[in-house]
Each structure stands twice: as structure tokens, then as C-alpha cells.
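I begin with the backbone and then turn to the ligand and to one helix.

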Amino acid sequence: MLTLDFHPAGRHFLQIPGPSPVPDRILRAMSYPTIDHRGPEFGALGLKVLSGIQKIFKTSQPVIIYPASGTGAWEAALSNTLSPGDHVLMYETGHFATLWKKMAEALGLKPEFLGLPGIEGWRRGVQADMIAERLRADTGHSIKAVCVVHNETSTGVTSNIAAVRKAIDSVGHPALLLVDTISGLACADYRHDEWGVDVTVSGSQKGLMLPPGISFNAVSKKAIEASKTAKLPRAFWDWTEIIEMNKVGYWPYTPNTNLLYGLHEALDMILGEGLDNVFARHQRLAAACRTAVDTWGLEVQCKDAAVYSPVLTGVMTPEGVDADAVRKVIYERFNMSLGTGLGKMKGRMFRIGHLGEANELTLMATLAGCEMGLKLAGIKLAGSGVAAAMENLSASGQETPRLQRVS
Ligand SMILES: Cc1ncc(COP(=O)(O)O)c(C=O)c1O
């Protein structure tokens, strides 16, 4: 077995907002022997994960599973539905929205980036009224798709997708709605069908608690219709043959067998806890985390309480304090990884992940590591965030939900 000689003793605290820690149950499930991906046993596994994942996206439409990271599923969403030169409206929520826009440019699309100026836009989430206004002005319907990030992992802001759908409908615009919930799925409420999303993009390494390596496109009937005339070049990403073969549980190429074992186990865990319990647990932990940040006298990156992320909390460091220096102390002293500030937020914030398998005590350990590290980095704290978070969690009176086997 490969051992890295710089790996510290004890269990590492992987508190970045994905990949999230992989539960032992899932690691064990992934260690089953790899089987023939054309054999009968695989077909049964394929059908089970394909129907299980529909429940997570809340859709009765096909969900395509790719052996790829989330970036691949971004490309699949664009290339299956759009044609070279198509005008797409993308909303700047943060670093990941920016990367998706860059990809759209690279693919030969014409993205228009909408958003609030400066870093303000990165702190407030999608402004649906700005989308409505822009679409209203597009009387010739040159805009073919609206692309938004549901949970912006670079900031800790969870935008209101139902409001975006409403904005598009309010002006009767026919654009497709493409949503990235790579870090939101199975952490924050998400309703692909009810919210009228045409393509939802997601990935394995966040709320689903799997290692990186599989990603998803949930589609709508309208998206499948669009794919019949969309002219962007695509081969590996093409939905048509995958959807056809998925009907009997197979893929046109060699799928990621062991990650699918893991997905089967993850679905059992998430559906066994109950999606609503999973969402409530994430909300509870996020609220306690924000209490800690407030008590330290630091600022939560997200400025609008209506869109606080249940997945992660962005913590702004005081003016003149390099957030990466704080992260470095915490990593070196306490064997814990926190998310770095990305793009416009580089050095100005760090990100605390509280997603996936996280519970009260993993959060408390995480906050203890942060509090010690902040002090060691020379930051004067207003109070003990750890003590405040403990109060907050004890007061919630919530029992840990028990997992029921569902399969
Ligand atoms: C919101 C969001 N979109 C896209 C991506 C890119 O996904 P990946 O790194 O799996 O390719 C990430 C990764 O963290 C993300 O958080």
C-alpha cells in the first residue's frame, strides 16, 4: 500500500467543502471485487443506482452518470443542449460560476456574465430579478440558456433556484435552465422537476460522500428535445446512447464499477436517514458554525441570511490577515484541512465544510481546530465560538437521526 511519508498520525480532518470524508460503510462497499460490466449482476446494480439517484434529484426523468469529475458534467450539460455561437446568460456567484463561463467560451458559446459589481456579487447569490430584466429585454429570444450555480462552493451562498425559474417564466422566455448543484446535492433541498430545471449538474464528492470520480446530468424532456438539434461537437458526453443503454442498467463504455458500489451504499445511507433529516442536519450544523464565527467577532462571507449555505461557511479574516496563513497553522498543528479562498477571495477568507457525513461532534472538533488556529495566528477573538456553538447545538434538542436500511 502506498503510504505518503508526510501523512500525520491519527485521522485527518478533511473539512474542505468537498471532497468530504468518505464514511467507512462506503469505503467497504467500494472494496467489493470489480465485476463484469456486461454481466447480469452489473445490470442489477446499474438499475438500482439509476433509480435511486432520481430520488436525490427529485426527478422522474433520466439521470446520466459519467465516470468524470464535475467539470465533465458541466461540459456535458452545455454540449448536449447548445450550438456554436449560442448566447447564454450566466450569473456570477463566485469562482465556480466563473470557471463554468470560461468553459462556455472555450466551447465556442457566447456567454454573457450577469452579476452585482466587485465582490458584492460573490456575497449575495443570484438576483433573480436581474435575470428577469435581462430576459425581458431579449425580445428576439437570442438567449438560449440561463446557467446558475445553486450552491457556490467558493463563497458559501445557496441561491434560490425556484426564484430563477419564476423569473424566466414571468417574462415568458423559452431559454433552458441549467443548474450546477455539484456541492448542493444531498445537503440542501433540491427539486429538479418541481423547479423546472432542464439540466442539473452534480458530482460525487460532496453531499453524496463518495470519492471524486462520478458526476451527473439530470435532464428534462425539453433538454432532451434540445439535444436533438444541438450542434456543439460531442461524443463521450452524448446523452442519447447512454440513456438508451441505461434502460437495462448498462453503459456504452466501461463505467466506474467500484464507485457505483459506493453510490449504492451512499443512497442507502441518505435515503435511510431521510432526505429531510439530511437537510435539517446540514442546516443545524451550519447555524452552529455561523454562531461560532459571530462569537469570534469574524464575518461570515455570505451577507444575506436568506441564502446562507448549509454546506459550508466562508469566514472572512480581519483586514491584513492572510487567511491562507491561518489555514497553514491549522493544517500543521491540528491535522485539519480547510478550504482556501478562491479567485477574488484569495487570502481573504477560508471555508469550513460541514457536509456529507458531518455531525455535531465532527463540527465541534472542526471549530476547536479553527479557534486554536485563529489564536495561534495572532487574531484577537471577541469570544469563544466553540462554547457558543456547543450551547447552540445543545439547545436544539435534536436527536441524531437513525439510519434505516432501505435496500
Ligand atoms: C459548485 C462547483 N462547480 C463545479 C466544480 C468542479 O467540479 P470538479 O472539481 O469535480 O470537476 C466544483 C468543485 O468543487 C464545485 O464546487
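1. Does alanine 186 count as buried or exposed? Bearing in mind that this is a predicted model, alanine 186 has a relative accessibility of 3% and therefore counts as buried, the cut-off being under 20%. Alanine 186 sits in the loop that runs between strand 8 (176-180) and strand 9 (199-203), and its phi is near 65°, a positive value in a residue other than glycine. Most residues other than glycine have a negative phi, and most peptide bonds are trans.

2. Lysine 58 is another non-glycine residue with a positive phi, here about 55°, and its place is in the loop between helix 2 (40-57) and strand 2 (63-66). With 29% relative accessibility, lysine 58 counts as partly exposed, because this value falls between the 20% and 50% limits.

3. The peptide bond that joins glycine 18 and proline 19 is cis, with omega at about -5°. Proline 19 belongs to the loop between strand 1 (13-15) and helix 1 (24-30).

4. Turning to the ligand, the residues that surround it include Trp74, Phe96, Val149, Asn151, Gln205 and Lys206, and the shell as a whole divides into four nonpolar, six polar and two charged residues. Helix 3 (residues 70-81) supplies the largest share of that shell, namely three residues.

5. A nitrogen atom of the ligand lies 2.6 Å from a polar side-chain atom of aspartate 180. The ligand taken alone exposes 390 Å², of which the protein buries 86%.

6. Helix 13 (residues 385-396) has twelve residues and, at 1.5 Å a residue, should span 16 Å, which agrees with the 17 Å that separates its end C-alpha atoms. Its buried residues are Gly385, Val386, Ala388, Ala389 and Leu393; seen down the axis of helix 13, these fall within an arc of 165°, so they line one face of the helix. An α-helix has 3.6 residues a turn, so residues three or four places apart point the same way. On the other side of helix 13, the exposed residues are Glu391, Ser394 and Ala395.

Key
Residues numbered from 1 in each chain as written. Predicted model: local features only at pLDDT ≥ 70, side-chain atom pairs only at ≥ 80, totals over all residues. Heavy atoms only, no water. Near = heavy atom within 4 Å. Polar contact = N/O pair within 3.5 Å; in protein donor to acceptor, adjacent residues only side chain to side chain. Areas by Shrake-Rupley, 256 points an atom, 1.4 Å probe, with all protein chains shown as cover. Helix = DSSP H or I, 4+ residues; strand = E, 2+ residues; numbered from the N terminus. Nonpolar A, V, L, I, M, F, W, Y, C, P; charged D, E, K, R; others polar. Expected span 1.5 Å × (residues − 1). Buried < 20%, exposed > 50% of the residue type's maximum accessible area, 1.4 Å probe, protein only. Arc of directions from axis to C-beta.
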